[in-house]
Amino acid sequence: MANVNGRETVSLNGEPVVKRPRECSSQVTALRVPKEPQNKVTVVLGAQWGDEGKGKVVDLLAMDADIVCRCQGGNNAGHTVVVDSVEYDFHLLPSGVLNKKAVSFIGNGVVIHLPGLFDEAAKNLQKGKGLQGWEERLKISDRAHIVFNFHQAVDGIQEQQRQQQEGKNLGTTKKGIGPAYSSKAARNGIRVCDLVSDFKVFQDKFRMLAEHFLTMYPNLNIDIDGELEQLKGYAERLRPLVTDGVYFMHKALNGPSKKILVEGANAALLDIDFGEHRLVDRYVSECAPETGDLLQTRGREFGVTTGRRRRCGWLDLILVRYAHMVNGFSAIALTKLDILDTLPEIKVGVAYNVDGKPLPSFPANMDVLTRVSVEYKTLPGWCCSTEAARSFEDLPSQAQSYIRFIEDFLQVPVKWVGVGKSRESMIKLF
């Protein structure tokens with residue numbers, strides 16, 4: 001029985017009505033306000049097409065980090081890090097793996113080619129002591145998808161088909177990343193958790209996936225039994241590294257105080273939603289050959305993964321502003337300033353025009369992008385070396401003005417400036 005507005009009532013099942021104690025408004029408010037993670041995350045992203053020097057920035061920040069995470073991409077991306085005059089090249093391993101006090105984490109968004117992972121570790125171990133003990137401080141998400149050798153073969157076939165059908169290719173690294181992500185999206189991909197679990201079940205899934213690609217590409221050559229034997233050996237090495245990535249990151253975010261660093265592979269303009277959808281190496285502000293060759297030579301601009309000569313151009317602030325719209329940068333790391341040391345004049349892209357009319361932002365349509373003409377602001381160069389600078393005040397006045405121009409245009413502060421190859425050459429402005 002209960003008394004409501006002076007009348008006694010009975011519950012529908014005949015049981016007495018139990019009055020629920022009234023919760024105080026502060027309790028209700030507390031429950032309805034989402035709880036923020038205790039630990040914040042610093043994310044390093046490329047604002048252009050990659051090759052911006054992210055590895056050096058990550059290496060610098062990783063010195064003070066507890067956890068360094070790799071969140072997407074595969075061994076198509078490459079980061080070069082110089083420590084104690086030793087040059088390390090990373091493709092799948094987080095650049096922060098050189099910090100022996102930090103845990104390195106390969107997240108579920110990464111697609112992993114296992115021969116590439118272990119070969120990368122072996123090659124870097126031969127270069128110096130920085131990578132010693134890497135397996136003891138690396139964790140890999142059990143939900144990360146695997147890149148198989150046939151994914152890489154399919155990548156090459158698809159590039160050939162594009163060249164034959166369209167007269168141009170996409171410009172991929174042929175590392176199998178696109179086909180592996182296609183398998184993931186089609187829900188027939190295979191994850192790390194499958195490999196380190198029941199190998200008989202894994203074999204069945206592998207054979208089905210291989211047959212799927214053989215149906216689409218009859219000329220594809222797959223050594224199914226040979227690759228399975230190879231993968232069985234990798235499974236034993238991989239098993240101790242694998243963890244529940246969701247639970248791992250939840251504990252990291254909500255547990256004791258930790259500094260968490262995330263490094264993005266590739267860059268904003270390679271994103272399949274926000275980037276150049278049909279091309280992966282277009283540069284609308286590409287320099288004339290004479291200046292482009294100078295920048296390429298001084299910057300040693302060769303792809304870490306492919307060895308391919310990079311195309312060089314002037315800083316495109318329309319493009320960087322677009323990347324900021326997408327990502328919301330809190331600060332900028334302006335790398336490779338020293339590459340400009342010999343130039344009497346420096347151009348900066350400040351507007352896009354198509355058919356004589358201005359574009360308000362970076363276009364989604366790649367056909368429009370091919371017709372873009374870039375409007376430049378010409379700034380004076382400094383014609384002297386910046387490599388010895390270790391503070392903003394050490395830089396030539398023209399270099400300081402160049403940095404301030406970038407800040408004013410983007411309305412984002414420049415926090416670091418790179419004037420050399422090593423981590424010591426990164427000048428911190430604030």
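This is a predicted model: local features need pLDDT of at least 70, side-chain atom pairs count only at pLDDT 80 or more; totals for chains, interfaces and linings use all residues.
**Entry 1: cysteines**

I began with disulfides, keeping in mind that a disulfide is a covalent bond between the sulfur atoms of two cysteines. I looked up how many disulfides the structure holds, and the count came to 0. I then took Cys71, which is in no disulfide, and found that the nearest cysteine sulfur belongs to Cys69 and lies 8.3 Å away. Since a disulfide needs the two sulfur atoms within 2.5 Å, I could see why Cys71 is not paired with Cys69 at 8.3 Å. Cys71 has a relative accessibility of 33%, so I noted Cys71 as partly exposed. I went on to Cys384, which is likewise in no disulfide, with the sulfur of Cys383 as the nearest cysteine sulfur at 7.7 Å. For Cys384 the relative accessibility is 34%, and therefore I put Cys384 down as partly exposed.

**Entry 2: helices H11 and H13**

Next I looked at helix H11, residues 317-327, and helix H13, residues 397-410, whose axes come within 10 Å and cross at roughly 50°.

Which residues of H11 meet H13? On the H11 side I listed Leu317, Ile318, Val320, Arg321 and His324, and on the H13 side Phe405, Ile406, Phe409 and Leu410. Sorting this contact by class, I found 7 nonpolar residues, 1 polar residue and 1 charged residue.

Key: Residues are numbered from 1 along each chain as its sequence is written. Side-chain values use heavy atoms; hydrogens and water are left out. Buried means under 20% relative accessible area, exposed over 50%, partly exposed in between (1.4 Å probe, protein chains only). Axes are lines fitted to C-alpha atoms, for helices over the stretch in contact, and angles run from 0 to 180 degrees between N-to-C directions. Helices (H or I, at least four residues) and strands (E, at least two) are DSSP runs, numbered from the N terminus. Contact means heavy atoms within 4.5 Å. Ala, Val, Leu, Ile, Met, Phe, Trp, Tyr, Cys and Pro count as nonpolar, Asp, Glu, Lys and Arg as charged, and the others, Gly among them, as polar.
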